[in-house]
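Reader: Hi! I'm new to this one, could you walk me through what sits around the ligands?
Author: Happy to, let's take a look together.

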Amino acid sequence: MRSLLSEWLTLHCTRELDTMIEIEGKRRCCGCEACRQGCPQSCIRMERDEEGFDYPIVDTDRCIECHKCERVCPFMKLDEPREPQAVYAACATDEGLREASSSGGLFTLLAEDTLRRGGVVFGVRFDEAWSVCHDYTETIEGLAPFRGSKYLQSRIGESYRQAEQFLKEERPVLFTGTPCQIKGLVHYLGHAYDNLMTVDVVCHGVPSPMVWQRYLTTLRAGQGEITGISFRDKSVSGWRRYDFVAQSAGGGNVRQFYGDNIYMRGFLHDLYLRPSCYACMAKGGRSQSDLTLGDYWGVERTCPDLDRALDEDKGTSVVMIHSERGRRLLEGLPCRYRQTNYASAVAGNPAIEQSVTEPPKRQLFFAQLDAEPLDSLIARLTVIPLHKRLWRQLHHQAHRVKMRLRRLARD
Ligand SMILES: Cc1cc2nc3c(=O)[nH]c(=O)nc-3n(C[C@H](O)[C@H](O)[C@H](O)COP(=O)(O)OP(=O)(O)OC[C@H]3O[C@@H](n4cnc5c(N)ncnc54)[C@H](O)[C@@H]3O)c2cc1C
Ligand code: SF4
Ligand code: SF4
Ligand code: SF4
């Protein structure tokens with residue numbers, strides 16, 4: 001086994017699974033855990049590296065050389081990018097749902113439809129430590145924790161196995177996640193299921209769960225115990241200039257424009273993404289999902305004539321359809337939608353196709369992480385000139401006033 005894996009890994013990952021992975025090899029593992037979940041001997045475990053990302057380690061003594069881990073790994077078959085069959089700008093007609101969701105609320109509509117048909121929905125929720133993990137629900141109430149984007153890598157746990165079990169029981173299954181998690185699921189399952197619907201999100205990349213935990217420690221030091229987190233709160237500043245919000249037991253909530261929040265700043269400067277995110281093999285339609293959801297940045301330019309309700313800064317989704325099943329599902333949902341085109345979606349949202357570039361300061365960030373307080377380290381490595389900061393503050397305050405006036409006029 002050792003030699004077979006070594007051969008495969010030399011080709012694909014330049015690493016050995018029973019030692020820690022070399023830096024260049026880490027780009028070839030997205031942490032989907034398809035190998036671990038698929039191993040019939042349960043002899044693969046995930047181990048966290050010094051950057052806070054999990055990688056598989058094989059117990060070679062128990063391995064029976066069946067090669068399943070190789071067959072299910074999404075890096076074993078790299079697909080060509082594919083353009084969607086159709087692209088839409090869409091949002092839920094339920095304005096409350098739209099506001100509670102990160103984009104246009106399409107995830108919840110698809111999920112409710114699945115549950116109404118007796119199905120099961122897989123999504124990402126916070127755990128007890130405010131990290132995030134995949135889980136499933138069979139109830140409408142169970143959807144709320146899945147709503148909203150959480151900007152860190154989710155632990156997939158046993159969800160591929162669980163989804164497979166439900167599929168074999170002929171229950172409709174909606175599985176949502178990042179493109180690499182969907183590609184991992186497709187490879188894990190090994191064949192198509194008519195009762196499976198897969199939805200991925202347009203993906204900028206996933207930050208290190210360890211960096212997130214360190215950020216939470218700084219938050220707790222100032223605010224006390226955390227009782228709620230929203231990475232994308234639209235209630236005050238709207239969809240385009242959303243806030244990061246952390247609620248705490250003492251009531252001293254943090255609300256910051258995302259550009260001013262230090263964790264979001266490091267994330268959006270790509271300082272602590274998983275290495276595979278700088279060379280993503282799953283975006284651009286390569287995940288084999290039925291549908292892709294994202295933010296329709298630039299919708300005001302693409303559809304200037306669009307119903308005003310679609311563009312009052314509550315959030316509009318870009319919906320990319322990759323299969324006939326995906327098209328049928330969208331058509332039945334209680335949402336407003338308008339067909340657009342792929343070029344316009346990509347123009348406002350390069351993350352649909354392109355990986356971000358690894359910044360040279362990433363190495364410095366992880367080298368200094370134990371030596372410097374997190375907030376000053378991120379601030380130092382993502383310096384924004386004073387005039388830009390002032391301009392942004394001014395713009396943000398003006399935007400908030402505009403939002404307030406708009407609400408007053410509406411009420
Ligand atoms: C890490 C990450 C990066 C993203 N980057 C972009 C981007 O660059 N451009 C863009 O247009 N859109 C991006 N999105 C997608 C966007 O933020 C919305 O999630 C998406 O448009 C769906 O919104 P919604 O209103 O339909 O539903 P919502 O209710 O807002 O979406 C919730 C959905 O996101 C899933 N989800 C939440 N957190 C995670 C996570 N950590 N890992 C996997 N799945 C998760 C849930 O399972 C559920 O399916 C990103 C999302 C995530 C999680
Ligand atoms: S070859 Fe088979 S037994 Fe060995 S680690 Fe891979 S899946 Fe497990
Ligand atoms: S299956 Fe997933 S976790 Fe395992 S080696 Fe491949 S990418 Fe990494
Ligand atoms: S950018 Fe690619 S590799 Fe990174 S989490 Fe998103 S889909 Fe996975």
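**Around the two ligands**

Author: This is a predicted model. By class, the residues around ligand 2 are ten nonpolar, two polar and two charged.

Reader: Which residues come nearest to ligand 2?
Author: Of the 14 residues around ligand 2, the nearest are Cys39, Cys63, Cys66, His67 and Cys69.

Reader: Thanks! Switching to ligand 1, how many residues are around it, and which come nearest?
Author: Ligand 1 has 32 residues around it, and Ser102, Ser103, Ser149, Lys150 and Asn349 come nearest.

Reader: And how does that shell divide into nonpolar, polar and charged?
Author: The shell around ligand 1 has 16 polar residues, twelve nonpolar and four charged.

Reader: What about polar backbone atoms, where do oxygen atoms of ligand 1 meet them?
Author: At glycine 105, a polar backbone atom is 2.9 Å from an oxygen atom of ligand 1. At glycine 148, a polar backbone atom is 3.0 Å from an oxygen atom of the ligand.

Reader: How much of ligand 1's accessible area does the protein cover?
Author: On its own, ligand 1 has 890 Å² of accessible area, and the protein covers 97% of that.

Reader: Which elements give two or more residues to that shell?
Author: They are helix 6 (106-116), strand 4 (120-126), strand 6 (173-177) and strand 11 (291-295). Strand 11 gives the largest share, three residues.

Technical notes. Residues numbered from 1 in each chain as written. Chains lettered and ligands numbered in written order. Predicted model: local features only at pLDDT ≥ 70, side-chain atom pairs only at ≥ 80, totals over all residues. Heavy atoms only, no water. Near = heavy atom within 4 Å. Polar contact = N/O pair within 3.5 Å; in protein donor to acceptor, adjacent residues only side chain to side chain. Areas by Shrake-Rupley, 256 points an atom, 1.4 Å probe, with all protein chains shown as cover. Helix = DSSP H or I, 4+ residues; strand = E, 2+ residues; numbered from the N terminus. Nonpolar A, V, L, I, M, F, W, Y, C, P; charged D, E, K, R; others polar.
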